[in-house]
Amino acid sequence: MSAMSNSTIFTAPDTYIGIYNELSKYNVHLNIFERLWASWYAYMQNDVLATGIMSFVMHETVYFGRSLPWIIIGRIPYFHKYKIQGQKIPTVAEQWACAKLVLLSHFSVELPQIWLFHPLAKACGMDTGVPFPAWTTIAFQIAVFFVLEDAWHYWMHRAMHWGPLYKNIHKIHHQYSAPFGLAAEYASPIETMVLGFGTVFSPIIWALVTGNLHILTMYLWITCRLFQAIDAHSGYEFPWSLHHFLPFWAGAEHHDVHHEKFVGNYASSFRWWDYVMDTESGPEAAKRRREKKEKREAKKAQ
Ligand SMILES: [Zn+2]
Ligand SMILES: [Zn+2]
């Protein structure tokens, strides 16, 4: 439960800093992030706008902020040896064309949706006040959302590779057979909506079932999911990439093959769905499949 409602805090000063200082005097138990958060809602005097602006700015900052290091890495020859698809380095012009379409879709499709987020979150019983939940609660819930989103993504993405859906919707995302960070959200608005469902509705279902979710956890989850999606499209595989330490983590190696071969590796974050459903892509999986078939045939011949 929140200790106080964000909008009902006294608002004598009218600058953000003024509110922050005033609020800090009476709320010594809150940490700096909680004070900044509560001051923002008090300053805005409009929770829908406060949440809407905060989530949109967060999305843009994380999306372009996380893509930037990949753009820089692409210009540094030292890193070329880690590029999965050899020398297919995207040009600046290509990346700019991609960024323009992504921005257009953010402003036309995602902005209005983000605006609806506060009423939706409130209707589902999400907490927007202070203090924040414990970091262990946040981490556990984000882990659950990763698992749920991955399952949704696997089946919806697999469905999008069915002829008519591919031709009319998913083809746009496959324009780049050698992906790069910025291309993560390069997709038809319909695809953004359908796949975005898994990201947005996993927490919403969680909130409805458990009645225990803070909107901050939702933001941190979306940040993690953006990192995952951008890194999966980065086109780079390093000896220190996460899947070397967490073998079930998908990462760039997994999704790059999907863009190159167009079949298999449909999941977003983990490898288990493709493994269990036998839809793994790439030469290793093909070899395993061939060996399995040979074994079966040898058995039959006996
Ligand atoms: Zn695909
Ligand atoms: Zn992709």
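Helices (H or I, at least four residues) and strands (E, at least two) are DSSP runs, numbered from the N terminus. Counted in this way, the chain has 12 helices and 0 strands, and along the sequence its pattern reads α-α-α-α-α-α-α-α-α-α-α-α. The structure is a predicted model, in which local features need pLDDT of at least 70 and side-chain atom pairs count only at pLDDT 80 or more, while totals for chains, interfaces and linings use all residues. Residues are numbered from 1 along each chain as its sequence is written, and chains are lettered from A and ligands numbered from 1 in the order in which they are written.

Taken along the principal axes, the C-alpha atoms of the chain fill a box of roughly 85 × 45 × 40 Å. The domain assignment (bounds from an automatic or database source) gives domain 1 (1-45) and domain 2 (55-301). The centres of domain 1 and domain 2, taken over C-alpha atoms, are separated by 35 Å. An unreviewed UniProt entry carries the annotation "domain: Fatty acid hydroxylase" for residues 143-279; such annotations may be inferred rather than shown by experiment. Over residues 143-279 the chain is 59% helix and 0% strand, with end C-alpha atoms 24 Å apart.

Helix pairs come next. Two packed helices are described by the angle between their axes and the distance between the axes. Axes are lines fitted to C-alpha atoms, for helices over the stretch in contact, and angles run from 0 to 180 degrees between N-to-C directions.

The axes of helix H3 (residues 47-74) and helix H4 (residues 92-115) come within 10 Å and cross at roughly 160°. H3 and H4 are therefore roughly antiparallel (the term for angles over 145 degrees). Residues in contact (C-beta atoms, placed from the backbone, within 7 Å) are Gly52, Ser55, Phe56, His59, Glu60 and Ile71 of H3 and Gln95, His106, Leu111, Ile114 and Trp115 of H4. These divide into 5 nonpolar, 5 polar and 1 charged, where Ala, Val, Leu, Ile, Met, Phe, Trp, Tyr, Cys and Pro count as nonpolar, Asp, Glu, Lys and Arg as charged, and the others, Gly among them, as polar.

H3 also meets helix H9 (residues 215-233): their axes come within 10 Å and cross at roughly 25°. H3 and H9 are therefore roughly parallel (angles under 35 degrees). On H3 the contact includes Thr51, Ser55, Met58 and His59, and on H9 the residues include Ile215, Tyr219, Ile222 and Thr223. By class, the contact of H3 with H9 has 9 nonpolar, 5 polar and 1 charged residues.

Conventions: Parallel < 35°, antiparallel > 145°, perpendicular 65-115°, else oblique. Contact = placed C-beta atoms within 7 Å.
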